Amino acid sequence: PPASQNNEQGSTLRDLLTTTAGKLRLGSTDAGIAFAPVYSTGTASGKSGRTMPNILDDIIASVVENKIPPNRAPKTNVKSEIKDEPKDDRKCVQDDCSKPYSDIQYSWICDKHVLWLRDHKNNNNWKLFKECWKQGRPVLVSGMHKKMNFSLWKAESISLDFGNQQADILNCKDSIISNTNVKEFWDGFEDVSKRQKIKNGETALLKLKDWPSGEDFKAMMPARYEDLLKSLPLPEYCSPEGKLNLASHLPGFFVRPDLGPRLCSAYGVAATKDHDIGTTNLHIEVSDVVNILVYVGIAKGNGVLSKSGVLKKFEEEDLDDLLRKRLKDSSELPGALWHIYAGKDADKIREFLQKIAKEQGLEVLPEHDPIRDQSWYVNKKLRQRLLEEYGVKTCTVIQFLGDAIILPAGALHQV
């Protein structure tokens with residue numbers, strides 16, 4: 001085409017990035033684009049409005065689909081764009097999928113906010129997953145440990161293989177980080193008597209954070225790396241080579257997020273006196289995340305809650321009936337408690353935490369972001385206030401051994 005047309009339309013992905021990505025419009029029937037439009041439709045203050053389409057979606061629609069004729073720019077009629085926006089199919093996915101998805105074992109938990117895929121072996125899981133995923137909802141897949149070599153993930157096995165390594169250990173209560181021998185952490189993982197003590201004699205709640213991570217994980221633990229990759233849920237999306245894993249197929253000039261994998265290990269809160277702290281404070285990830293619980297240690301020693309005591313602590317949470325039923329199943333081993341919030345509630349939560357900080361006499365600087373700084377674990381009392389004062393409800397999920405929790409980017413969570 002003539003140079004003027006080539007500059008307007010863009011002939012390569014790089015051209016689109018630098019020249020016309022922001023000019024394209026999704027949803028135009030004239031362009032024949034199959035991707036749904038992505039627009040910002042409002043703010044926390046309640047004002048509504050439309051902003052530019054997501055540039056990455058523009059690129060995908062025009063390059064991957066390749067349905068825009070090179071000699072014709074897509075129409076930008078606002079009325080047609082509004083008309084072509086997809087309707088909210090939440091009700092369809094939740095209530096009317098018994099027929100099209102009758103071959104998939106699934107349930108809805110957390111007031112139908114989280115999809116639970118109960119059979120990890122079902123090759124059709126991704127069909128229902130994609131309907132839930134495009135609504136930005138978390139997904140739980142159970143039974144992943146059945147595909148893994150369990151002996152590789154035992155605490156004693158990792159300690160034996162890598163105990164001489166040095167790593168950063170985080171004290172979850174006071175956020176003090178120390179560089180120490182990994183064996184010290186693993187020695188106390190299931191034996192409370194070997195755990196560090198803090199000033200008042202209380203047992204320390206330690207976390208071996210993101211060790212190892214990324215390329216270090218692959219280089220240090222090749223057998224575990226391969227075992228993890230072959231056991232990922234929904235491989236079409238989660239596997240590094242998955243055909244729907246966009247991040248793995250981005251051109252080299254994109255700045256990619258850290259896709260891991262990383263091993264995150266922590267002592268249980270049940271062995272501490274203060275149950276209002278967490279091993280992961282409230283935060284947001286910049287990319288979609290898959291978190292698989294590969295091992296649950298049963299701590300022994302003075303002051304440790306019995307199995308029934310641990311279950312009672314879980315039952316005190318605001319759980320739906322299906323999760324309470326799982327707790328009573330002797331074949332299931334609970335290991336982690338998650339509180340998840342939708343990304344749309346971030347501004348309300350941020351405002352709430354700043355308000356609580358002021359109530360507690362803490363200095364709140366204008367540039368301070370309590371979510372970005374990961375400085376808060378929102379305890380039960382605060383979660384109740386968040387609901388009553390801001391209308392933000394907590395999605396509480398128990399992660400059992402072998403459960404994979406898949407979170408969309410932007411979802412707030414604490415563990």
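Strand 4 (residues 166-171) pairs with strand 5 (residues 176-181) in the antiparallel sense, over six bridges. This is a predicted model. Strand 4 also runs antiparallel to strand 6 (residues 206-208), joined by three bridges.

**Strand pairing**
- Q166 of the chain stands opposite N181 in strand 5.
- Four residues lie between the strands in the hairpin of strand 4 and strand 5.
- In that hairpin, S175 takes a positive phi near 60°.
- N171 has L206, in strand 6, as its bridge partner.

**Nonpolar cores**
- In soluble globular proteins, nonpolar side chains tend to be buried together.
- Here the largest nonpolar core has 47 residues.
- L117, V139, W186 and W211 have the most contacts inside this core.
- Helix 6 (residues 125-133) gives the largest share of the core, four residues.
- Another core, of 22 residues, lies apart from the largest one; C110, W116, L140 and L327 are among its members.
- Leaving out residues up to four places away in sequence, L117 touches I104, Q105, Y106, N125, L128, V139, L140, V141, S142 and L234.

**Second largest pocket**
- The second largest pocket holds about 350 Å³ of space.
- It is lined by 17 residues, and W116, S142, R326, D329 and E332 are the closest to its centre.
- The lining divides into eight charged, five polar and four nonpolar residues.
- Helix 13 (residues 321-327) supplies the largest share of the lining, three residues.

Key: Residues numbered from 1 in each chain as written. Predicted model: local features only at pLDDT ≥ 70, side-chain atom pairs only at ≥ 80, totals over all residues. Heavy atoms only, no water. 1 Å grid on protein atoms, 1.4 Å probe; cavity = no way out; pocket = protein on both sides within 12 Å on 5 of 7 lines; lining within 4 Å. Points joined across faces, edges and corners; volume = space filled by probe spheres on them. Helix = DSSP H or I, 4+ residues; strand = E, 2+ residues; numbered from the N terminus. Nonpolar A, V, L, I, M, F, W, Y, C, P; charged D, E, K, R; others polar. Core = buried A, V, L, I, M, F, W, Y, C linked by side-chain atoms within 4.5 Å. Buried < 20%, exposed > 50% of the residue type's maximum accessible area, 1.4 Å probe, protein only. Contact = heavy atoms within 4.5 Å. Pairing = 2+ DSSP bridges.
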